[in-house]
Number of protein chains: 2
Amino acid sequence: MTKVIMGASMSLDGYIAGPNESGFDHLFAWHNNGEVEIPAAHEQWTFRPGRASEPVVREYLQVGAIVCGRRLFDLTQGWGGHHPLGAPVFVVTHNVPTDWPHPDAPFTFVTDGVESAVRQAQKAAGDSYVSIAAGNVGRQALEAGLVDEVRVELVPVFLGGGTRFADDIAGAPVALGNPRVIEGDRVTHLQYPVIPQS
Amino acid sequence: MTKVIMGASMSLDGYIAGPNESGFDHLFAWHNNGEVEIPAAHEQWTFRPGRASEPVVREYLQVGAIVCGRRLFDLTQGWGGHHPLGAPVFVVTHNVPTDWPHPDAPFTFVTDGVESAVRQAQKAAGDSYVSIAAGNVGRQALEAGLVDEVRVELVPVFLGGGTRFADDIAGAPVALGNPRVIEGDRVTHLQYPVIPQS
């Protein structure tokens, strides 16, 4: 089965966005604070991580399909129709936008829930993996047992408020396995296997 | 100046205690899931961490003085008058307990705030360091610029609610330095230097 990874860059106090959508300069500093130039899928984006984070970024770029919520889609204005990782995007939403200016872009609006979005993404991902953003949609996927791995790109900053990585998870406590750890500059990459619930 | 370290065991979703004071079996599993037997300061406690976490526990036991809030003091019933790390404890509180059954134990109730408690603890700590619990008191110390290092013992569990490591920090974003990382079993030890604010 196609692997599903839930992840995000997160502050030490557990936020994936600061108050009023701030803090991204801190959260994503590691994308561009190094010497390894890695072109993204579209010419308007380039990553320049440090050597330690290079394999993490290269694996990002191999993603087969992406699931996100409407909040992230709106916040990024749908990445202008070009997700920087170059994969098809499945947007979980109650209301399909009527003014989306990129109808030919590989974006699918899914109105029947997170599980449907994950299943569609798995089909689209081919031999690769599905990435699901943390936050509300990621939490729902985790609760539904759809997530195989949780990846936290832990950034050494307190943001003091904002949007949480995963709040009020149903069925908690939820224990994960020990992480694989990669020490980058302005980020500690933590990759936790989800322990299947029997 | 005597070093001040703010720390706690924390879940991946940022809690140092779960809902209704639950989750401690997860948060402190690493204290006793290994093969290295380390007697605590009082015979009623023993640590048994894995090899990777051994130096962390040994350094715990070298603490010179401890600052905590009234919540932790009440929750542990003042550790029965014997803190497992064997150091004097400075409890920040608005109301000195009138029924404390261990008046000769090295516990001091500080009613004039966190800064006073930290200064008193620094005097008591001698050549060693001061440990301050995360949560409300730790956050206040961090905000006041009294903390030199933040230590997160990051546990692979989502607790879904409870008491946060540090919530609503004033002056955020607060960036820390890159951490020293020690990979234990059921814990990732992360030791972040605080960057002095100019």
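Me: What makes strand β5 (residues 65–69) of chain B and strand β6 (residues 89–92) of chain B a pair?
Reply: Start with the count: 4 bridges join β5 to β6 in chain B, and the two strands run parallel. A pair needs at least two bridges, so 4 bridges between β5 and β6 in chain B meet the cut-off. One spot to look at is B:Gly69, which stands opposite B:Val92 in β6(B). Bear in mind that this is a predicted model.

Me: Which strands of chain B form the open sheet, and in what order?
Reply: There are 8 strands, in the order β7-β6-β5-β8-β1-β9-β14-β13, and the pairing is mixed. As background, strands of a sheet pair through backbone hydrogen bonds, either parallel or antiparallel.

Me: Why do β7 (107–110) and β13 (180–183) of chain B count as standing at the edges?
Reply: β7 and β13 of chain B each have a single partner strand, so one side of each is left without a neighbour in the sheet. On average, neighbouring strands of this sheet are turned by 20° against each other, direction ignored.

Me: What lies across that sheet in chain B?
Reply: Helix α4 (residues 114–124) of chain B lies across β1 (4–11), β5, β6, β7 and β8 (130–133), running at about 175° to β6(B). Then there's α5(B), which lies across β1, β5, β6, β8 and β9 (149–155) and runs at about 120° to β8(B).

Me: Why is B:Gly138 called buried?
Reply: B:Gly138 has 0% relative accessibility, and buried means under 20%, so B:Gly138 counts as buried. The residue lies in helix α5 (residues 136–143) of chain B. Leaving aside its neighbours within four places in sequence, B:Gly138 is in contact with B:Met6, B:Ile132 and B:Ala133.

Me: Now chain A: how do you know that both faces of strand β6 (residues 89–92) are covered?
Reply: Look at the two sides in turn. A:Val89 and A:Val91 are on one side, A:Phe90 and A:Val92 on the other, and all of them are buried. As for its partner, 4 bridges join strand β5 (residues 65–69) of chain A to β6(A), running parallel. A:Cys68, for one, stands opposite A:Val91 in β6(A).

Me: What makes β7 (107–110) and β13 (180–183) of chain A edge strands?
Reply: First the sheet: an open one of 8 strands in chain A, with the order β7-β6-β5-β8-β1-β9-β14-β13 and mixed pairing. β7 and β13 of chain A each pair on one side only.

Me: In what sense do β13(A) and strand β14 (residues 188–193) of chain A pair, and over how many bridges?
Reply: The sense is antiparallel, over 4 bridges; at least two are needed for a pair, so β13(A) and β14(A) qualify. A:Ile182 has A:His189 in β14(A) as its bridge partner. Helix α4 (residues 114–124) of chain A packs on the sheet, touching β1 (4–11), β5, β6, β7 and β8 (130–133), with its direction at about 175° to that of β6(A).

Me: What stands out about phi of A:Trp79?
Reply: Most residues other than glycine have a negative phi. A:Trp79 is not a glycine, yet its phi is positive, at about 50°. You'll find A:Trp79 in the loop between α3 (70–75) and β6 of chain A.

Me: Is A:Trp79 buried or exposed?
Reply: Buried: its relative accessible area is 10%, and the cut-off is under 20%. Another residue with a positive phi is A:Arg186, near 65° and also not a glycine. A:Arg186 is in the loop between β13 and β14 of chain A.

Me: What kind of peptide bond joins A:Ala172 and A:Pro173?
Reply: A cis one, with omega about 5°. A:Pro173 is in the loop between β11 (163–164) and β12 (174–175) of chain A. In chain B, the peptide bond from B:Ala172 to B:Pro173 is cis, with omega near 0°.

Me: Which residues line the largest cavity?
Reply: The lining is made up of A:Leu12, A:Asp13, A:Arg164, B:Met10, B:Asp13, B:Gly14, B:Arg164, B:Phe165, B:Ala166 and B:Asp167. By class, that gives 4 nonpolar, 1 polar and 5 charged residues. The volume of this cavity is about 40 Å³, and the structure holds 1 cavity of 30 Å³ or more.

How values were computed. Residues are numbered from 1 along each chain as its sequence is written. Chains are lettered from A and ligands numbered from 1 in the order in which they are written. This is a predicted model: local features need pLDDT of at least 70, side-chain atom pairs count only at pLDDT 80 or more; totals for chains, interfaces and linings use all residues. Side-chain values use heavy atoms; hydrogens and water are left out. Buried means under 20% relative accessible area, exposed over 50%, partly exposed in between (1.4 Å probe, protein chains only). Contact means heavy atoms within 4.5 Å. On a 1 Å grid over the protein atoms alone, a cavity is a set of points where a 1.4 Å probe fits but cannot get out, and a pocket is an open set with protein on both sides within 12 Å along at least five of seven lines; lining residues have an atom within 4 Å of a point. Grid points are joined across faces, edges and corners, and a volume is the space filled by probe spheres set on the points. Ala, Val, Leu, Ile, Met, Phe, Trp, Tyr, Cys and Pro count as nonpolar, Asp, Glu, Lys and Arg as charged, and the others, Gly among them, as polar. Axes are lines fitted to C-alpha atoms, for helices over the stretch in contact, and angles run from 0 to 180 degrees between N-to-C directions.
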